[in-house]
Amino acid sequence: MPLAFDPAPLVADVEALERGDWTEHFVKQNYDGEWSALPLRAQAGVSHPIQLIYAAPGVTEFVDTVWRARMPGVSAVIDAFACPIRSARLMRLAAGSVIKEHEDLDLDVADGFARIHVPIVTNADVDFRLNGERVAMAPGEAWYLRLADPHSVTNAGDTARVHLVIDLVVNAWLLRQLAG
């Protein structure tokens, strides 16, 4: 995407977090090691940690969580997207962890939804694969990836990888960004 952000304020927001702030990802068969999330925008009316990091298909009402107000740098990135925002969360893949190849069938622009990744913290030994091809993402870059296709991540580095992951409803603004 033609959007890029200064990673320094995003890193500062992430560094202010405590280990216990993260919720372990609930689809354990999709990963080995530690994969966790912190909800910034979630399904309205829920309070269970799992429901806060995942919105069921068909959900239409979303609200900001208390975490978003505590993260001004990350919040500014979310605000840069001029389209309806369903959910937003930080996703952390610990050093030595693997997200196994899988498909997120509801994340395709053709179906009206897009997932954007904005890397915040990464390392040279993170290997993100889409359709078997490596995708190198640098901190602060905004990436749309058609995650309805097979994808996987290996973090062979010594540090965690943290991405801001934003699920959007496709509109004319987003289509222009993706075309640019």
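**Reading side-chain contacts**

Guide: Let us begin with a polar contact, a pair of N or O atoms within 3.5 Å in which, within protein, one must be able to donate a hydrogen and the other to accept it, and residues adjacent in sequence count only if both atoms are side-chain atoms. Here the side chains of Asn-123 and Asn-155 make such a contact at 3.2 Å. The model is predicted: local features need pLDDT of at least 70 and side-chain atom pairs 80 or more, while totals for chains, interfaces and linings use all residues. Residues are numbered from 1 along each chain as its sequence is written, and side-chain values use heavy atoms, with hydrogens and water left out.

Visitor: Is Asn-123 buried or exposed?

Guide: Buried means under 20% relative accessible area, exposed over 50%, and partly exposed in between (1.4 Å probe, protein chains only). Asn-123 has 18% and is buried.

Visitor: How is a pair of aromatic rings described?

Guide: The distance of the centres and the angle of the planes describe it. Rings of Phe, Tyr and Trp (its six-membered ring) pair if their centres lie within 6.5 Å; planes under 30 degrees apart are stacked, over 60 edge-to-face, and the rest tilted. The structure holds three aromatic pairs. In one of them, Phe-5 and Phe-81 have centres 6.3 Å apart and planes at 40 degrees, so this pair is tilted. Phe-81 is buried, at 4%. Phe-81 also pairs edge-to-face with Trp-173, at 6.0 Å and 85 degrees.

Visitor: Which residues do the ring pairs link into a cluster?

Guide: The cluster holds Phe-5, Phe-81 and Trp-173.
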